[in-house]
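Hi everyone, thanks for making time.

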Amino acid sequence: MNKKQPYMNVGAAGLFALFGLLFFILLFRYFSIQITGEVGSQPLAAKAQQKYSRTGSLESVRGVIYDQKGEVIAEDTTSYTLIAILDKKMTTNPKNPNHVTDPQKTANELAKILNMKESEIYSILTKDQFQVEFGKAGRDISHQTKKEIEALKLPGITFKRDSKRFYPNGIFASHLVGYADRIDEPDGTYNYVGKMGIEKTLDKELTGKDGKINYESDLWGYLLPNGEQKVTPAQNGNDVYLTIDKKIQTFLEDAMNKVVDEYKPAKIIAIVADPKTGNILAMGQRPSFHPKTKEGIDKSWHNEAIENSFEPGSTMKIFTLAAAIEEKKFNPNDLFQSGSYKVTPKDKPIHDHKRSGWGTISYLEGVQRSSNVAFAKIANELLGFDKFREYLTKFGFDSPTGIDLPAETSGKIQFNWPVEKATTAYGQGTAITPIQQIQAMTAIANNGKMMKPQVIDKIVSHDTGEVIRDVTPEVVSTPISAETAKEVRDILETVVTNKEKGTGTRYQIDGYSVAGKTGTASIPDPKGGYLTGQKDYIFSFLGMAPKDDPKLIVYVAVQQPEIDHYSMGSIPVSLVFNPVMKNSLQYLNIQPSQQEKASTTKLAALVGQGVSKTVKQLEESGLDVVVLGKGEKVTGQLPAPGTNVLEGEKIIIQSGGKLTAPDMTGWSLRDVMKVAKVSGMKLNSTGSGYVVKQNIKEGAALKKGDFLIVDFKTTEEKLELEAKEAEENTEAPEEELENLPRE
């Protein structure tokens, strides 16, 4: 025992020395850390901050797009993504499972709500994965649908909160508004990026900036009661107010839908504008697309009113006319020979749409009949091509308008050869955009002041309501005087009101005076020349109302509608223009022109009176008098004496001598019956509507007891008849010049 004692003492001393050394090292380390606050050259405070500090993201909201009156056009809304948990490990309590326990039942129940087949859902629910989603059908789920699914109480079915860009009006100025696509980032976040229209143009203004929150937490990530918090608020995107008026845009969308259903055109382009401000109140086209689903976007990627230039046809004549009037070179009563015209002896002749023309007519009639020859002569002989070219620039046709929409193109003015210069005067060869025509038309409607087209009314901070950008009307130039503008409007009104000569009579609107010009433009054939089918044209109308103080400009172009003959091309155009113009004017409380009520007159006994004196008195009373016979005294009348007749009603007077047939084209059955009764003829009529044919020619004798056979047609039937007659004629809407230099 004694021999071992020395070794034990040595061992104990060694252990004491070792632990003493360790103690002094620990003590040194403690004071070193206490004094320096660092470990391994890294501050302990920073380490602790890193371990217990948490960062959260505060999502920003993309700005709302409104119409001019605050109606929502595009906004961010909450949506949900459907998720199914498949991993059994997620269930800790079998009585309350957290995973899908019965895929078959779950698939059956979900198929009743989702736009998916039960077999598709079952296939997804039986995958060997932790969790699954349901593709397109399971995304962008509304709050209502979420509630319906939650009510099923299906184990393992849950939701991920999300947001989506919502377009509540569906197909609604889609190419103007555009759309924003969701871009998913690798870190799990996402952004919306504008891809078309206003969503693209104002993407930076609409896009917000996410905020952050930094806070202190415990080991498990829970917020410490007294922990420090640092919040960087999210900056939401700015809101945009457009010049579009939801009501007027709806009028336009509805009208275009009806034309698409009935005439199935290749394209429709339509714009409604306020000429006083340049504000675009509505803009649409067909084909169009739904901004949420993108359905239909493959048929038309471009905003046709902005990004596509084409030959305008005769709507261009408005501006040629305005230039000539401004330069005091246009006299409406001067005469010219219609039919054809050679710009130079070497050029092929330019023809009117009626190749034989109308003989020697006035320039006013040339405007009304839309004579190509008249406008070629105006540009060449009255204005001069150099001066005409100056006005093309003044009206803005060789530069973009600068409208706040992406990818705007410019006009392509062909002005190298004399024939090009002449055809440009009536809208062929040179190509311009619809929005350029709208801008130029504001000068006619706004007493010479040409207004820049605007689609943005203002930009407002989403968070504070502060107006960041307030867009005011901008006068681009003053190409013509107020006096010229008024004269042009007066002349363009006759294009609509002159029943015999005007090409725009279909665009008359009850209660409102319309001034405008029709257009029938040929479509270039990719192989050279022009397409030649009966429907292969762009039919258009550019008009304004009311004529004396225009409140609206409406442009409508319809390409290749399903019609039997080009003469019917104005029908689908008018089915857009007329209801949109009339409904919009009424909506804007633009009062119709005061119209005097049709006065009634008690018809006196006329028999025995002198014919000439009687006719004069009746016409002064506003009655339409038709005299049968060559005698000097009245021998019979219809209606009978004492009858109350309306202003404009036909009064049939019988005089002595042989009775001859009047031209009854356009008469009603009631008026034809008056002739039959006065003459003692037997009436035999077919059809309904208005007279289109009579068996006894004008000026031929009306014999008592003979048959008077008259055919009646409705307006629609009459149009079909005119189309068939026109097919026998070789006339074309616009002269096709194969030698016209083209790009």
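So, the largest nonpolar core: it has 94 residues, and the members touching the most others are Leu176, Ile198, Ile280, Phe319, Phe395 and Ile444. Bear in mind that what you're looking at is a predicted model.

Let's zoom in on one of those. What is isoleucine 198 in contact with, if we skip its neighbours within four places in sequence? Quite a list: Ile65, Leu176, Val177, Gly178, Asp203, Leu206, Val240, Leu242, Asp404, Leu405, Val455 and Ile456. As background, nonpolar side chains in soluble globular proteins tend to be buried together.

How many cavities of 30 Å³ or more turn up in a search of the whole structure? The search finds 2.

The largest cavity holds about 70 Å³ of space. Leu176, which we met in the core, is part of the lining here, along with residues such as His175, Glu253, Arg286 and Asn303. Helix 6, residues 174–177, and strand 14, residues 280–286, each bring at least two lining residues, and strand 14 gives the most, with 4. By class, that lining is 3 nonpolar, 6 polar and 2 charged.

The second largest cavity is about 40 Å³. Among its lining residues are Ile73, Tyr167, Phe172, Val177 and Pro291. By class you get 5 nonpolar, 4 polar and no charged residues.

Note on methods. Residues numbered from 1 in each chain as written. Predicted model: local features only at pLDDT ≥ 70, side-chain atom pairs only at ≥ 80, totals over all residues. Heavy atoms only, no water. 1 Å grid on protein atoms, 1.4 Å probe; cavity = no way out; pocket = protein on both sides within 12 Å on 5 of 7 lines; lining within 4 Å. Points joined across faces, edges and corners; volume = space filled by probe spheres on them. Nonpolar A, V, L, I, M, F, W, Y, C, P; charged D, E, K, R; others polar. Core = buried A, V, L, I, M, F, W, Y, C linked by side-chain atoms within 4.5 Å. Buried < 20%, exposed > 50% of the residue type's maximum accessible area, 1.4 Å probe, protein only. Contact = heavy atoms within 4.5 Å.
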